[in-house]
Amino acid sequence: MPSDNKIEASLSDAPAPRAADKILDVARDLFYREGIRAIGVDEIVKRAGVTKPSLYRSFPSKDELAASYLRKYDLEFWERFDEAVDAHPGKPRAQIIAFLTRVGKRTQKPDYRGCGMTNAAVEYPERGHPARVVSENNKMELRRRLRAMAAAMGAPDSDTLGDGLLLLIEGAYISGQLFGLGGPAAAVARNADLLIEASLKK
């Protein structure tokens with residue numbers, strides 16, 4: 001077992017976080033909690049403990065920083081989605097319910113601010129904006145996957161079911177912010193299961 005001195009030495013030898021990583025971590029927290037447009041570059045560099053030139057060396061503009069935040073958010077989103085899928089191999093209905101059960105639980109947390117992708121799309125209505133492009137790609141892929149999963153369930157109208165599930169998900173993201181604890185978003189998985197059941201009976 002390593003001695004305390006060796007542990008301390010190994011910790012001191014660990015590389016310090018790069019300025020870009022610190023900036024992105026701070027921006028991610030602020031953008032999610034406060035909104036992208038509400039947060040200025042000055043506040044980000046102050047909280048990250050870096051200089052403004054170091055920010056612009058890593059991110060040419062605030063727009064690109066926002067897009068980088070969303071690309072990281074996108075990776076984390078699909079990690080959560082794929083965890084639900086992997087937990088129920090070959091069972092798309094169970095996969096969707098597992099994913100939405102977790103979504104419903106997250107909506108009940110005091111600091112819940114919905115989906116960062118949805119929020120960014122609302123903040124940036126202009127087509128082609130770097131942040132909106134990342135958000136749109138995430139939502140289009142989610143729509144594609146939900147439709148494919150609905151088809152794998154044998155739904156007679158799989159596109160309509162997939163889109164219905166997407167609407168439920170987006171509704172949970174927004175209503176979770178509006179109602180908080182005890183709000184309708186907590187039951188998103190149950191409502192999705194009812195929708196699936198009704199769709200499969202057609």
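**Salt bridges, pockets and a surface patch**

A salt bridge of 2.7 Å, N to O, joins the side chains of Lys139 and Glu170; the term stands for a side-chain nitrogen of Lys or Arg within 4 Å of a carboxyl oxygen of Asp or Glu. This pair links distant parts of the chain, with Lys139 in helix H8 (residues 130-152) and Glu170 in helix H9, 31 residues apart. Helices here are DSSP runs (H or I) of at least four residues, and they are numbered from the N terminus. Both Lys139 and Glu170 are buried, where buried means under 20% relative accessible area, exposed means over 50%, and partly exposed is in between (1.4 Å probe, protein chains only).

The model is predicted, so local features need pLDDT of at least 70 and side-chain atom pairs count only at pLDDT 80 or more, while totals for chains, interfaces and linings use all residues. Residues are numbered from 1 along each chain as its sequence is written, and side-chain values use heavy atoms, with hydrogens and water left out.

Arg147 counts as partly exposed, at 23% relative accessibility. Salt bridges that share partners also join Asp82, Glu141, Arg144 and Arg145 into one network.

Across the whole structure, the search finds 22 salt bridges. One of them brings together the side chains of Arg102 and Glu83, 2.9 Å apart from N to O. Arg102 sits in helix H6 and Glu83 in helix H5, so parts 19 residues apart in sequence are tied together. Arg102 is partly exposed, with a relative accessible area of 34%, and Glu83 is partly exposed as well, at 46%.

Attention now turns to the spaces in the model. On a 1 Å grid over the protein atoms alone, a cavity is a set of points where a 1.4 Å probe fits but cannot get out, whereas a pocket is an open set with protein on both sides within 12 Å along at least five of seven lines; lining residues have an atom within 4 Å of a point. Grid points are joined across faces, edges and corners, and a volume is the space filled by probe spheres set on the points.

The largest pocket has a volume of about 320 Å³. It is lined by 14 residues, and the closest to its centre are Tyr32, Tyr73, Arg106, Tyr112 and Gly114. Helices H2 (19-34), H5 (62-87) and H6 (92-106) each give two or more residues to this lining.

The structure holds 1 cavity of 30 Å³ or more, and the largest cavity has a volume of about 40 Å³. Among the residues that line the largest cavity are Phe31, Tyr32, Tyr69 and Asn119. Helix H2 and helix H7 (116-123) each give two or more residues to the lining, and the largest share, 4 residues, comes from H7.

Finally, Phe179 is found in helix H9 (residues 158-179) and counts as exposed, at 53% relative accessibility.
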